Each structure stands twice: as structure tokens, then as C-alpha cells.
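Welcome, and please take a moment to look over the sequence and the 3D view before reading on. The report below walks through them step by step.

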Amino acid sequence: MVRTLTNQQTILPGENTMTTRHIQLVQQTFEMILPLADTVAFLFYERFFAMQPEVRAFFPDDMTAHRQKLMATLAMLVRGLEQPAELVAYLRTLGQRHEGYHVQPAHYAGMNQALVITLADCLGERFTPEMRQAWKESLAILAAIMQGDPLPASANALFLGEMV
């Protein structure tokens, strides 16, 4: 079944909300950074390690492959916003893998903050307040799913294909 959503439809209500407009903005922004992918990844990790130096030990000295993995994962997440059932399954698996790396909730928050700041730095004025908010809310929801937080009942219809 194909779902057509309005611009204002709320996908995940609650403390953090994601609307179809947020999805559009996140996808638009991601397309804008693709030509700068390696720079974005480099600057992201520099910022993340500066903000949370304790996580540096979780990563290899040579970050080349990891930067590529970051951008590939971001691409999967951003494009997966249109296929939420598959995205939730992927995020749960990704979260379990990160649990094995001893990633803590504060690390997710720091990573999200570092990514939003990096996007702002790389895109300058093109990164609008609306885009910033869309990324912040989307990343918070994705991180919550990775950490195993239950989806609100109202989100199950979209994310798991259930009728509520």
C-alpha cells in the first residue's frame, strides 16, 4: 500500500515530532551536502571528538573508511525515512551493534549535536532554522529507536504498517 502524506502530518508525535515536511527538509539538506561528503564526515568527527573526547578510543586511528561508512549510513537513514518499517528494523540492529561498542545515551546526543553543527558550518546560510529543527528532531527520533525506545502507538501505523 502506498501512503500519501500531507505536509503537516505528524509521523512521530511527542517530545520530538517528525512531519513529512521534516523528511523533505532532511532529504533536501542531505542532497546539498553530498558534494562535500568527505569534508562533512571529517569535520563531523573532528567536532564529535572535541565535544566528547572519551569516544575517540572507540574508533580506529585511520578514519578514512569510517568517514565513508558514516556517509553511507546517513544516506541509508535519510532515504529510509520514506520506508519506515525497514528503517526501524535497520535502526534496531544498528543500535544493538552500537550497544556492543559501549555507546551510551549521552554519546547519541553528542553525535546528533555534532552533526547539526557540522551541517550548519558546511552549508552556512543555506542551512535554515527550519532545516536545523528538522535535523534535530529527526536525529533524536532515530537515536531513540536505536536505543530501543518503544515507538508511540500513533507511530506504529506509519512505521510498522499497523492500523491504529
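## A tour of the helices

Glu130 is partly exposed, with a relative accessible area of 40%; by the cut-offs used here, buried means under 20% relative accessible area, exposed over 50%, and partly exposed in between (1.4 Å probe, protein chains only). Before we go on, note that this is a predicted model, in which local features need pLDDT of at least 70 and side-chain atom pairs count only at pLDDT 80 or more, while totals for chains, interfaces and linings use all residues. Residues are numbered from 1 along each chain as its sequence is written, and side-chain values use heavy atoms, with hydrogens and water left out.

Let us start with the overall picture. The chain has 7 helices and 0 strands, where helices (H or I, at least four residues) and strands (E, at least two) are DSSP runs, numbered from the N terminus. Read from the N terminus on, the order of elements is α-α-α-α-α-α-α. Of the 164 residues, 43% count as buried. The accessible surface comes to about 9,100 Å², and 55% of that belongs to carbon and sulfur atoms; these areas come from the Shrake-Rupley method with a 1.4 Å probe, and for residues only the protein chains shown count as cover.

How do parts of the chain meet? Contact means heavy atoms within 4.5 Å. Among contacts between residues at least 6 apart in sequence, 68% join residues at least 24 apart.

**Salt bridges**

Now back to Glu130. What is its partner in a salt bridge? Glu130 pairs with Arg21, their closest N and O atoms being 3.2 Å apart. A salt bridge is a side-chain nitrogen of Lys or Arg within 4 Å of a carboxyl oxygen of Asp or Glu, and the structure holds 4 of them.

| Salt bridge | Closest N and O atoms |
|---|---|
| Arg21 and Glu130 | 3.2 Å |
| Glu31 and Arg79 | 3.5 Å |
| Asp121 and Arg47 | 2.4 Å |

The pair of Asp121 in helix α5 and Arg47 in helix α2 ties together parts that are 74 residues apart in sequence. Arg47 is partly exposed, at a relative accessible area of 30%. With Glu31 and Arg79 forming a salt bridge, helix α1, which holds Glu31, is tied to helix α3, which holds Arg79, across 48 residues of sequence. Glu31 is partly exposed at 46% relative accessibility, and Arg79 is partly exposed at 45%. As for Arg21 and Glu130, which form a salt bridge, Arg21 sits in helix α1 and Glu130 in helix α6, 109 residues apart. Arg21 counts as partly exposed, with a relative accessible area of 27%.

**Helix α1 and its buried residues**

Is α1 mostly covered or mostly open? It is mostly covered, since 10 of its 14 residues are buried. Among them are His22, Leu25, Gln27 and Phe30. The buried residues of α1 pack against α2, α3, α5 and α6. From its first C-alpha to its last, α1 reaches 20 Å, close to the 20 Å expected at 1.5 Å a residue; the expected span of a helix is 1.5 Å times one less than its number of residues.Thr29 is found in this helix too. Is Thr29 buried or exposed? Thr29 is buried, with a relative accessible area of 0%. Not counting residues up to four places away in sequence, Thr29 touches Leu123, Phe127, Met131 and Trp135.

The 17 residues of α3 should span 24 Å at 1.5 Å a residue, and its end C-alpha atoms are 24 Å apart, which agrees. Its buried residues include Leu70, Met71, Leu74 and Val78, and the buried residues of α3 pack against α1, α2, α4, α5 and α6. Met71 touches Phe30, Ile33, Ala37, Val40 and Ala41, leaving aside residues up to four places away in sequence.

A nonpolar core is a set of buried Ala, Val, Leu, Ile, Met, Phe, Trp, Tyr and Cys residues joined through side-chain atoms within 4.5 Å. The largest one here has 47 residues, and those with the most contacts inside it are Phe30, Tyr45, Phe48, Met71, Phe127 and Trp135. Two or more residues come from each of α1 (20-33), α2 (37-51), α3 (64-80), α4 (84-100), α5 (105-123) and α6 (129-146). The most are given by α6, with 9 residues.
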